Amino acid sequence: MDLQHSFSFELFPPRTPEGLAKLPAVIGALAATGPEFFSITHGAGGSDQDGTYETLLKVVEHSGVEAAPHLTCVGSTRAHIAAHLDRYQAAGVKRIVALRGDLPATALSPSAPGEFHYANELVSFIRETHGDAFRIEVAAYPEMHPQANAPREDFEHFRRKVEAGADAALTQLFYNADAYFDFVERCGRAGITIPVIPGIMPITSFANTVRFCGGCGADLPRWIKLRLEELKDDKAGLLEFGVGVVTRLCETLLRGGAPGLHFYTVNHAEPTLSLVRNLGFGARA
Ligand SMILES: Cc1cc2nc3c(=O)[nH]c(=O)nc-3n(C[C@H](O)[C@H](O)[C@H](O)COP(=O)(O)OP(=O)(O)OC[C@H]3O[C@@H](n4cnc5c(N)ncnc54)[C@H](O)[C@@H]3O)c2cc1C
């Protein structure tokens, strides 16, 4: 594969002492492949923003690679968000993944507490308060956001984030390359030129893959689901199958013009490292 493509890794703040203890090794192993950046998730409503910040510092300490915190806005206030942005700016952060986040449906009503209801409002707020201090990445949904009423409407909401000042988009996980190509075509027709980077979720178990896809509205092709179910008690066989499927997905995406890939590592070096090696990215290490 072409080594010009950029790639990045997503981590989450560890929730257990064991997870925390193994994180430096995971960061080190992934960083050795030469990613453009690590991104670090955080819970909606700012529940673990300190965890996000601590994890970000660990990435910088153990890799020197750029670290981008996710920032969710739903249920939050301008003052809280501004304080997070100031703290990140002081820490040298140059990139933010700006999201609405998920809270109970009641939090989304215009009369609900909180001064933000959608991600486009967060993007506008970041630009208003911090100008171009941050590169802003937003979420994109090739198979439609699960709460949206229709693809066209969802796409119009995506466009609002771009018009508010997003620099790039990271997609929700998907296993149908054509859904990504269709989304990019729609961007082209709408005059949207920002990079749309596929979000890649490695396959490591039948139950997790079904759960992840169900949770975010991603279609799990029937043949993949059937094969994973068949292999669910054969860990090695399932991993080999999963790496094969996801490698082919990545190759198809890159050959079809995807500008890079964003891997949802779920805080494991493998099988993301196998994917990266298969794609020739690891050769940069
Ligand atoms: C790359 C990536 C990273 C993520 N990281 C995190 C994370 O760290 N923490 C976390 O909690 N979640 C995370 N998520 C999940 C995300 O928070 C959820 O999918 C959430 O439901 C939507 O966030 P969003 O920023 O896409 O919202 P939005 O772009 O605001 O869209 C949310 C929904 O509202 C609709 N909508 C948007 N604007 C309007 C409007 N003005 N009026 C009416 N409807 C509108 C959209 O069509 C969509 O259905 C991530 C998702 C992705 C793809």
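Visitor: Which residue in β5 is the bridge partner of V97?

Guide: Heads-up: this is a predicted model, where local features need pLDDT of at least 70, side-chain atom pairs count only at pLDDT 80 or more, and totals for chains, interfaces and linings use all residues. Residues are numbered from 1 along each chain as its sequence is written, and side-chain values use heavy atoms, with hydrogens and water left out. Strands are DSSP runs of E (at least two residues) and helices are runs of H or I (at least four), numbered from the N terminus; two strands pair if DSSP finds at least two bridges between them. Strands β4 (residues 95–99) and β5 (residues 135–140) pair in the parallel sense over three bridges, and in β5 the partner of V97 is E137.

Visitor: What angle does helix α6 make with β7?

Guide: α6 (residues 177–189) packs on the sheet, touching β5, β6 and β7 (196–200), where contact means heavy atoms within 4.5 Å. Axes are lines fitted to C-alpha atoms, for helices over the stretch in contact, and angles run from 0 to 180 degrees between N-to-C directions. For α6 and β7, that comes to about 160°.

Visitor: What is the average twist from one strand to the next?

Guide: Follow the strands from β1 through to β8: they form a closed barrel of eight, with parallel pairing. From one strand to the next, the twist averages 30°.

Visitor: How far is H42 from a nitrogen atom of the ligand?

Guide: H42 is among the closest of the 25 residues that surround the ligand, with "near" meaning a heavy atom within 4 Å. A polar contact is a pair of N or O atoms within 3.5 Å; within protein, one must be able to donate a hydrogen and the other to accept it, and residues adjacent in sequence count only if both atoms are side-chain atoms. A polar side-chain atom of H157 sits 2.9 Å from a ligand oxygen. For H42, a backbone N or O atom lies from a ligand nitrogen at 2.6 Å.

Visitor: Which element gives the most residues to the shell around the ligand?

Guide: β3 (66–72), α4 (119–130), α5 (151–164) and β6 (168–173) each give two or more. With four residues, the top contributor is α5.

Visitor: Which residue does a cis peptide bond join to E270?

Guide: Most peptide bonds are trans. Here omega is about 5°.
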